[in-house]
Every structure is written in structure tokens, then in C-alpha cells.
Amino acid sequence: MEIEKNYRINSLFEFYEPLLTNKQKEYIQLYYGDDYSLGEIAAEFSVSRQAVYDNIKRTEKILEGYETKLSLYHDFVERNHEVDAISDYIKAHYHGDATLIKMIQQLVSLEADSE
């Protein structure tokens, strides 16, 4: 469960980072991205562990709120599932069609660029 939460917060952070304050960005990056403890972050910023904890929890709620309203991460995941299904179908039924394979690669590239 904890790994799934970490993955989700990191994913949401990738999409909504520009909407956060600098302190929110730094705390989330250190805690979820760099695996710092609350104590290490507190020492780094000369604040209490409780202040760090409160900021991180508040930022998690903010990220989830953005996702609820905008659904960027959800839509990204859904598009990737569809591209995978189309790619699998092409491999099974049109494995020799270089044009279709190139089109899928371009679609995947576009999706990767939008992250």
C-alpha cells in the first residue's frame, strides 16, 4: 500500500508541480522523491518535524484535489492503456506493417513529451 501511495503522489507531483509553492515542491520532492525522513527535512529547513508533516499532508490533499478537478493523471493512464491495447493488436494482426508500427511509436512519443 505504501509503495502504491508513493507512486501515486510522485505521479501527481509530475503533473501538478507547477501549481505548488516552492516549499511544497521541495518537501514533496525530498520526502517522496528522495526518500528523506521527516527529521531530515526538518533539519534541512530548520523547522519542526510536525511542520514538515503538516506541510506534506496538506500538499498531498492539494495534489489529490487538483487530480479530482482536472484528471490529468487519470486521463494519462487511460490513454496509455488504450495505446498499449492498440499496439498489442497491431503486433498480433499487422506485425509486418511498418507504417502502423511507426504511427504507434509517434503516438507514444507524443504522450511521453506531454508528461
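Seven aromatic pairs are found in the structure, where rings of Phe, Tyr and Trp (its six-membered ring) pair if their centres lie within 6.5 Å, and planes under 30 degrees apart count as stacked, over 60 as edge-to-face and the rest as tilted. The model is a predicted one, in which local features need pLDDT of at least 70 and side-chain atom pairs count only at pLDDT 80 or more, while totals for chains, interfaces and linings use all residues. Residues are numbered from 1 along each chain as its sequence is written, and side-chain values use heavy atoms, with hydrogens and water left out.

A pair of aromatic rings is described by the distance of the centres and the angle of the planes. For Y27 and F45, the ring centres are 4.9 Å apart and the planes stand at 65°, so this pair is edge-to-face. Y27 belongs to helix α2 (residues 22-33) and F45 to helix α3 (residues 38-45), so the pair ties together parts that are 18 residues apart in sequence. Helices here are DSSP runs (H or I, at least four residues), as are strands (E, at least two), and they are numbered from the N terminus. With a relative accessible area of 2%, Y27 is buried, whereas F45, at 25%, is partly exposed. In these terms, buried means under 20% relative accessible area, exposed means over 50%, and partly exposed lies in between (1.4 Å probe, protein chains only).

The rings of Y89 and Y94 make another pair, with centres 6.1 Å apart and planes at 50°, so the pair is tilted. Y89 is partly exposed at a relative accessible area of 46%, and Y94 is partly exposed at 40%. Aromatic residues also gather in one cluster, formed by F15, Y16, Y66, Y73 and F76.

Attention now turns to how the helices pack. The axes of helix α5 (residues 72-93) and helix α6 (residues 98-113) come within 11 Å and cross at roughly 165°. That angle makes α5 roughly antiparallel to α6. Axes are lines fitted to C-alpha atoms, for helices over the stretch in contact, and angles run from 0 to 180 degrees between N-to-C directions. Angles under 35 degrees count as roughly parallel, over 145 as roughly antiparallel, 65 to 115 as roughly perpendicular and the rest as oblique. The crossing of α5 past α6 is left-handed, a word used if the near helix is turned anticlockwise from the far one by less than a right angle (right-handed if clockwise).

On the α5 side, F76, R79, N80, V83, I86, S87 and I90 meet L100, I101, I104, L107, V108 and E111 of α6. This contact of α5 with α6 holds nine nonpolar, two polar and two charged residues. Contact means heavy atoms within 4.5 Å; Ala, Val, Leu, Ile, Met, Phe, Trp, Tyr, Cys and Pro count as nonpolar, Asp, Glu, Lys and Arg as charged, and the others, Gly among them, as polar. I90, in helix α5, is buried at 7% relative accessibility. Leaving aside neighbours within four places in sequence, I90 is in contact with H95, L100, I101 and I104. By contrast, I90 and L20 are 40 Å apart in space, C-alpha to C-alpha, and 70 residues apart in sequence.

Helix α2 also packs with helix α4 (residues 49-70), at an angle of about 100° and with the axes 10 Å apart. This makes α2 roughly perpendicular to α4. Here K23, Q24, Y27, I28, Y31 and Y32 of α2 meet V52, N55, I56, T59, E60 and I62 of α4. By class, the contact of α2 with α4 has seven nonpolar, three polar and two charged residues. N55 is buried, with a relative accessible area of 9%, and touches K23, Q24 and Y27, not counting residues up to four places away in sequence. E60 is buried at 8% relative accessibility; with the sequence neighbours up to four places away left out, E60 touches K5, I9 and Y32.

Most residues other than glycine have a negative phi, and most peptide bonds are trans. D35, in the loop between α2 and α3, has a positive phi near 60° and is exposed at 66% relative accessibility. S71, in the loop between α4 and α5, has a positive phi near 55° and is partly exposed at 23%.
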